[in-house]
Amino acid sequence: MKDNIAGITKWILYVLIAIVVLLGVLFYTGFLGSEGIIAGAKYMLYLGVVVMIISPIYSFITNPTNVVKLLISLGLMVVVIVIGYSMADNTFSELELEILKTDANTSKLVGMGLYVTYIAFGLTLLSAVYASVIKAFK
């Protein structure tokens with residue numbers, strides 16, 4: 001069963017790569033404008049969100065013992081997001097916010113996104129170093 005799902009997933013990824021390449025070629029040859037690229041990116045985002053929602057549900061059905069690991073991962077993700085939000089602030093003045101056509105809350109959310117990205121990148125590097133060190137001692 002796992003081999004069948006792996007094969008289906010592989011072909012779905014090939015199709016998605018082909019769609020992205022096709023959109024890029026159409027854009028750079030002039031057959032597709034920037035609005036078309038944005039629309040294609042939106043649909044790819046929607047598809048990614050659907051897959052992101054369906055994948056854990058399928059995982060719950062096939063292997064219910066992984067629920068604890070998923071809940072721990074979600075809890076850690078929430079902690080990282082809360083830390084990122086608490087670190088973010090709005091450093092723009094009212095005039096700068098008006099020039100940028102945004103508000104203080106949006107500025108803080110963008111800062112949060114940046115901090116969450118930095119933390120996730122750092123944790124990824126630490127886990128890679130940790131895995132390498134553990135592998136060297138085995």
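Visitor: Is the crossing of α3 and α5 left-handed or right-handed?
Guide: This is a predicted model: local features need pLDDT of at least 70, side-chain atom pairs count only at pLDDT 80 or more, and totals for chains, interfaces and linings use all residues. Residues are numbered from 1 along each chain as its sequence is written, and side-chain values use heavy atoms, without hydrogens and water. Helices are DSSP runs (H or I, at least four residues), numbered from the N terminus. With the near helix turned clockwise from the far one by less than a right angle, the crossing of α3 and α5 is right-handed.

Visitor: How are α3 and α5 set to each other?
Guide: The axes (lines fitted to C-alpha atoms over the stretch in contact, with angles from 0 to 180 degrees between N-to-C directions) of α3 (residues 67-87) and α5 (residues 104-137) come within 8 Å and cross at roughly 130°. Angles under 35 degrees count as roughly parallel, over 145 as roughly antiparallel, 65 to 115 as roughly perpendicular and the rest as oblique. The two helices, α3 and α5, are therefore oblique.

Visitor: How many nonpolar residues has the contact of α3 with α5?
Guide: Contact means heavy atoms within 4.5 Å, and residues including Val 80 and Ile 81 in α3 meet others including Met 112 and Lys 108 in α5. Ala, Val, Leu, Ile, Met, Phe, Trp, Tyr, Cys and Pro count as nonpolar, Asp, Glu, Lys and Arg as charged, and the others as polar. Beside one charged and two polar residues, the nonpolar ones number 11.
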